[in-house]
Amino acid sequence: MKRLAIFIAAALPLVLMGAARQTGLAPAHANKSTPIAPPTFYKDVLPILQDKCQSCHRSGRPAPMPLVTYEQTRPWAGKIAAAVDMKMMPPWFADPRYGTFANDPSLSAEQIKTIAAWADTGAPPGDTSDAPAPPKWSEGWNIPQPEVVVKMPKPVPIPAYGEVEYTYEIVPTHFIEDKWVQMAEVRPSRPAHVHHAVVYIRPPDSPWLRHAPLGEAFTASMLNDPDERRQAHETTSDLLLVYAPGSAPDRWRDGMAKFVPAGSDLVFQMHYTTNGEAARDESSVGLVFAKSPPKQRVVTLQLNNHALMIPPGVDDFRVEVQGTLPNDATLLSLFPHMHLRGKRFEYDIVDKDGGVEPLLRVDYHFHWQLSYKLAEPRELKAGTKLRAVAWYDNSKNNPHNPDPDKLVTWGDQTSQEMMVGFFDVAIPASMDKWQFFVPRKGN
């Protein structure tokens, strides 16, 4: 990943309501209650699954079981009810006190009660005529059918055990004209082995990794040139998108898109993890282009602190980084990234008097690294100071901690740590990332 300073770089069953308990006289019929039919799958539960769950729980997606049909869902009724009651599913970790996000999949209290009541009453199917129309999913995708799919030409072998060095594959797009990408989604062929992926845009005039092989997997240690071995971990190239389990595809509003120059390559940087089963991954990225040139260009920036040093045994170690916007920008989304010791993460705006406005606070979950897309884009003026703060648990009480006796520093592997606060902003379409970092007069 880019190391640029600062920026670049229990649920209860549905209550059966009888007559209210009153004092004094009541009508003769007041003690009679009208039974309420329990929720059924087709009428009450399936609409919730379609809206909140099937983006992952369907064939070809990363969730372990599909929840599309009654037959598929019925065996899991009790576990589904327990998971939504504990708010483990759908996964979402943002503190509801701070920010409103367009991709929040959280169930309402009423939806949680409906699923609990359905499970508690034997998970009845109901009448199939009550079923809503099925969603029109693109085959294998959560975006409309991509106009272009850029796929790794050769699969990457993943061992059953051990640590896997970051793996790269450079894939030419063969675009003969500039492209504006409004939607993009990474689709790993072996999602259980992909901790995360970053897809970079390498323009034709970029010197980055120019001696690295095209169309086949390599790692930094396989490169002969020491400068290129370093370049594999440090790049100024634009990011097309970042993927992690649970993350949503990029879907930019009309008038916003990411820019891919003609003749560019896409560089897949893959972080694979082992799970006892050898595999081969051949990831791809699907692209949907803007129908007309946009007014704003989306760029992905980051706040990071790669000088972190987490002492052994500490359970709430704090790491901070700040940066100032050199020009006006529109904040679109936030994507925190840490490893196994990650505990909490927040983004803030810090005013000139030191006051803090939280934008996002999350209880970090290593296995569900989510992006948080603002329900309403936030206009930020030049000079706005942004801050990212991360907390780490390097104690024996952290069940994911590989070694609580170790001093932990920055590194690619999950046994090491990272502190990266990705965020997407929109800037004028005519401005590239480097121009954005040159303050204009008066800023």
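Student: So a cavity is a set of points, on a 1 Å grid over the protein atoms alone, where a 1.4 Å probe fits but cannot get out, and lining residues have an atom within 4 Å of a point. Which residues line the second largest cavity?

Tutor: I201, D238, L239, K258, F259, R297, V298, V299 and T300. This is a predicted model: local features need pLDDT of at least 70, side-chain atom pairs 80 or more, while totals for chains, interfaces and linings use all residues. Numbering starts from 1 along each chain as its sequence is written, and side-chain values use heavy atoms, without hydrogens or water.

Student: Which elements give two or more residues to that lining?

Tutor: β7, β9 (256–260) and β13 (296–304). Strands are DSSP E runs of at least two residues, numbered from the N terminus. β13 gives the most, with four residues.

Student: And the largest cavity: which residues lie nearest its centre?

Tutor: V242, D250, F335, S371 and D424, out of 13 lining residues. β7 (238–243), β16 (329–337) and β22 (420–428) each supply two or more of the lining.

Student: New topic. What is the strand order in the open sheet?

Tutor: β15-β20-β17-β18, with antiparallel pairing. Strands pair if DSSP finds at least two bridges between them.

Student: Why is one side of β15 and of β18 left without a neighbour?

Tutor: β15 (317–324) and β18 (356–363) are at the edges, each with a single partner strand, so one side of each has no neighbour in the sheet.

Student: How many bridges join β17 to β18?

Tutor: Seven, with β17 covering residues 342–350. F345 stands opposite V362 in β18.

Notes. 1 Å grid on protein atoms, 1.4 Å probe; cavity = no way out; pocket = protein on both sides within 12 Å on 5 of 7 lines; lining within 4 Å.
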